[in-house]
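User: Could you go through this protein with me? I would like to begin with the overall layout.

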Amino acid sequence: MHDTKKQDKQEYPFYYDQFDFSLLQAGLSEQLVPSSALTVEARELIAKLAFLYQLTPLDMQKVVLLSLDDDLHLPADRLKKAAADYYKLTISKDAPKLTKTFTEPVPLTEQLTKEQELLHYLETTPPIQVLRDINKGKEPIPASVELAEQLMTTYGMPTGVVNVLLEYVMLSTDMKLPRKYVEQIADHWNRKNLQTAKDAMELARKERDKYAQWKAESTAKQ
């Protein structure tokens, strides 16, 4: 049984292990937020939303308080809405954070090639930051942020796969993110069970003609 738990722990994304749940709970009293509300599912979503929106554990304290329902539970839809609302409020007041809240360490002894550097960036950077970088530092529009959040939370796509999808679509549609087109590729990639940025990039290169046809069909419908 112990080995199984250890194995499950290793399957968590890197940002789950790096999120400071102790700091989160330190500012939440048991009366306001009972520890029973922080279920495994709630913790996973809290870490994912913190990574996506680049929010600290102190930010997430406010998100959690806003998410509690009358039964002192933390439903997924309330957590997602509260995190999105908090992001909109703070991003309008503060400049985008240049320092990463989450980083996956790279061995210092390892000399990375350009492609390895790109893959590491795609695997460890929040999708909203990738959207900023593609757009030369400009804040992404709310619809793009919402789409990135849905790819990670609703579709459950790994970070690297989401980032390759966003980059691929934006660079092939004159910096746009047509929702139907993105969702069509996302659905296809989910069925292929892509897990890494490398897998996504290889498939995108291999199926480029297919996606171009989908894009043309999507444009024609619009």
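Predicted model: local features only at pLDDT ≥ 70, side-chain atom pairs only at ≥ 80, totals over all residues.

User: How many helices and strands is that?

Analyst: The protein has 13 helices and 0 strands.

User: And how much of the protein is buried?

Analyst: Of the 222 residues in the protein, 42% are buried. The protein exposes about 12,900 Å², and carbon and sulfur atoms supply 53% of that area.

User: Let us turn to single residues. Where is T125 found?

Analyst: T125 is in the loop between α7 (114-124) and α8 (127-134).

User: Is T125 buried or exposed, and why?

Analyst: T125 has a relative accessible area of 0%. Buried means under 20%, so T125 counts as buried.

User: Which backbone oxygen lies 2.6 Å from a polar atom of the T125 side chain?

Analyst: That oxygen belongs to Y121.

User: Now M170, please. What is its place?

Analyst: M170 is in helix α10, which covers residues 159-172. M170 is also buried, with a relative accessible area of 7%.

User: Which residues does M170 touch?

Analyst: Leaving out residues up to four places away in sequence, M170 touches L131, I134, M175, K176 and L177.

User: How far apart are M170 and L131?

Analyst: They are 39 residues apart in sequence, and their C-alpha atoms are 9.0 Å apart in space.

User: What share of contacts in the whole protein joins residues 24 or more positions apart?

Analyst: Among contacts with a separation of 6 or more, such pairs account for 70%.

Key:
Residues numbered from 1 in each chain as written. Heavy atoms only, no water. Helix = DSSP H or I, 4+ residues; strand = E, 2+ residues; numbered from the N terminus. Buried < 20%, exposed > 50% of the residue type's maximum accessible area, 1.4 Å probe, protein only. Polar contact = N/O pair within 3.5 Å; in protein donor to acceptor, adjacent residues only side chain to side chain. Contact = heavy atoms within 4.5 Å. Areas by Shrake-Rupley, 256 points an atom, 1.4 Å probe, with all protein chains shown as cover.
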